[in-house]
Every structure is written in C-alpha cells, then in structure tokens.
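Hi,

Here is the structure I promised to pass on. Have a look first, and my notes follow below.

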Amino acid sequence: FVGTQAGSLAFTHNGGTTWSTSTLPAGSGYPSALAIDPANPNIIELGTNGASTGAGIVLLSTDGGATFTSDHVGLPPGASATALLFNPKSTAGAAAIATTNGLYFAAYPGAAWSDLTANVIPHNFTDLQWVNNSLYAATYGEGVVRLTLPPVVTTVYASNTSWNTNF
C-alpha cells in the first residue's frame with residue numbers, strides 16, 4: 001500500500017508486479033495510517049489526515065483495499081489519524097486508533113469507536129502497540145500511556161448487531 005498527499009492509495013497483492021488504485025470517498029483526506037486485520041487480510045482500516053467535514057478520519061475496506069467506506073462513528077470531527085492497529089489476539093477485528101485528539105477503540109470493523117482517553121492527560125497520540133490485554137500509546141512529548149483492557153472480543157454474531165462485550 002502506498003498513500004499520497006493527493007488522497008490516493010495504490011496497492012498490490014502480487015509483490016509489486018501490478019498495481020491498482022483504491023477508491024476513496026471524496027473529501028477523505030490523505031492516507032496517514034493503515035492496519036490490516038491479521039485474522040482476515042481483506043479487512044483494512046485506513047486512517048487519514050486532512051479530511052473535510054463529514055468524510056471521517058477512518059475508512060474501512062472489506063475487499064482487500066479495492067474500495068473504502070467511512071468508518072468514523074464515535075470519532076471527533078477534525079482529528080487526524082496518526083496510528084491504527086488491530087489487536088492480534090482478536091479474531092473479531094478489534095482495533096485501536098491514535099489521533100491528534102485522543103485514543104479510540106472499536107470492537108470489530110464497522111463498530112462505533114469508543115473514546116479511551118477518559119482521565120488520560122495527553123490527547124495527542126502518535127503510535128500504538130498491543131501487549132497481551134494492554135494497549136500502549138505513545139504521546140507527542142508526554143511519554144507512553146498503558147491502558148489495560150478486559151480480554152479481547154473473540155466472537156461477533158453474523159448480524160453484527162450484538163457482540164460479546166468482553167473486550
């Protein structure tokens with residue numbers, strides 16, 4: 001995957017022999033963070049910077065990166081994505097996003113993002129790392145924050161309308 005400031009994303013699935021361009025929603029900004037679900041490589045979350053109002057800062061692909069739709073429910077307008085990471089222990093696609101306005105978690109692709117910053121003083125996060133049930137988030141000049149979460153989601157019902165709350 002290669003993103004440009006012009007707002008395009010090119011991808012290859014054969015080691016660079018051929019390249020295709022993804023379809024990104026208009027006004028979604030330029031790619032700044034990308035995560036591929038280790039349990040399903042067709043699921044990709046793409047974080048953006050410079051999104052215009054309503055476009056969202058996270059885009060979701062369920063077809064290996066060919067097309068993307070907005071996946072921004074629960075995220076504040078005007079934030080820029082700095083890091084995205086799927087939890088490697090989750091088979092349901094649980095992910096976290098670091099932004100310039102906070103830290104957020106989604107239990108599965110397409111789920112609403114929940115604010116994890118609560119009583120954390122820093123709000124400008126730059127990088128993420130999962131270690132067991134802990135999410136480590138680097139901040140811009142204010143150290144590293146560790147958030148310990150309950151065990152990860154491992155099951156999502158087919159309708160995606162109800163899910164295991166043990167995340």
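A residue is called buried under 20% relative accessible area, exposed over 50% and partly exposed in between (1.4 Å probe, protein chains only). Please keep in mind that this is a predicted model: local features need pLDDT of at least 70, side-chain atom pairs count only at pLDDT 80 or more, and totals for chains, interfaces and linings use all residues. Residues are numbered from 1 along each chain as its sequence is written, and side-chain values use heavy atoms, leaving out hydrogens and water.

Searching the whole structure gives two aromatic pairs (ring centres of Phe, Tyr or Trp, the latter by its six-membered ring, within 6.5 Å; planes under 30 degrees apart are stacked, over 60 edge-to-face, the rest tilted). Phe1 and Phe11 are stacked, because their ring centres are 6.0 Å apart and their planes at 25°. This pair links distant parts of the chain, ten residues apart: Phe1 is in the segment before β1 (2–3), Phe11 in strand β2 (residues 9–11). Strands are DSSP runs (E, at least two residues), numbered from the N terminus. Phe11 is buried at 9% relative accessible area, whereas Phe1 is partly exposed at 34%.

The rings of Phe105 and Trp130 sit edge-to-face, with centres 6.3 Å apart and planes at 70°. Phe105 belongs to strand β10 (residues 102–106) and Trp130 to strand β12 (residues 125–131), so the pair ties together parts 25 residues apart in sequence. Both Phe105 and Trp130 are buried.

Happy browsing!

Notes:
Helix = DSSP H or I, 4+ residues; strand = E, 2+ residues; numbered from the N terminus.
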